[in-house]
Every structure is written in structure tokens, then in C-alpha cells.
Amino acid sequence: MKFNYSKLLGRIKEMGFTFETLAEAIGISNGTLSAKLNNHYPFKSNEMVAICKALNIPFKDIPLYFFAV
């Protein structure tokens, strides 16, 4: 299943992150983050939590950012 990460991509930009700076902040490579955002690999739960913390996304909103179709 492919997910729509447009809301997440908007939040990344809104918060002043690049893929590189967000990837560094959550402890993965830029290439890995890019592959996940392009639906090549799923996000792990700990990565979703780390991204939410970095981008100030409430945990209750995880479905809006990570599971939109």
C-alpha cells in the first residue's frame, strides 16, 4: 500500500527542516528517509515517534501524517 506523505512533507518544510537535517535529527541516513517518503520502505514506529518529536506533531495525529492514502 502506498501512503500519501504530502502533509508530512509540508510539515517538514514548515518547521524549517530539509530531508538531510531531519534524517540527522532522527538518526537515519538522508537516503533512507527519502526512500521511506517515496514508499519504498515503511516507517518503523520508533522513526515515526522521533519525527513527531522533531516536528512537534502530537502523537494522536500520527495517522494523519503517516497513514493517509
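## Phe3 and the aromatic pairs

Phe3 counts as partly exposed because its relative accessibility is 22%; buried means under 20% relative accessible area, exposed over 50%, and partly exposed in between, with a 1.4 Å probe and protein chains only. The model is predicted: local features need pLDDT of at least 70, side-chain atom pairs count only at pLDDT 80 or more, and totals for chains, interfaces and linings use all residues. Residues are numbered from 1 along each chain as its sequence is written, and side-chain values use heavy atoms, with hydrogens and water left out.

The whole structure holds 4 aromatic pairs, where rings of Phe, Tyr and Trp (its six-membered ring) pair if their centres lie within 6.5 Å, and planes under 30 degrees apart count as stacked, over 60 as edge-to-face and the rest as tilted. Phe3 and Phe67 form an edge-to-face pair, since their ring centres are 5.5 Å apart and their planes stand at 85°. Phe3 lies in the segment before helix H1 (6–14) and Phe67 in the segment after helix H5 (62–66), so this pair ties together parts 64 residues apart in sequence. Phe67, at 42% relative accessibility, is partly exposed.

Phe43 sits in the loop between helix H3 (30–37) and H4, and Phe66 in helix H5, so the pair ties together parts that are 23 residues apart in sequence. Phe43 is buried at 9% relative accessible area, and Phe66 is buried at 1%. Ring pairs link Phe3, Tyr5, Phe43, Phe66 and Phe67 into a cluster.

## Glu47 in helix H4

Glu47 belongs to helix H4 (residues 45–55) and is buried, with a relative accessible area of 8%. Its side chain makes a polar contact of 2.6 Å with that of Lys36; such a contact is a pair of N or O atoms within 3.5 Å, and within protein one must be able to donate a hydrogen and the other to accept it, while residues adjacent in sequence count only if both atoms are side-chain atoms. Apart from neighbours within four places in sequence, Glu47 is in contact (heavy atoms within 4.5 Å) with Ile28, Lys36 and Pro42.

## The chain as a whole

The protein chain has 5 helices and 0 strands, where helices (H or I, at least four residues) and strands (E, at least two) are DSSP runs numbered from the N terminus. Buried residues make up 33% of the 69 residues. Among contacts between residues at least 6 apart in sequence, 56% join residues at least 24 apart.
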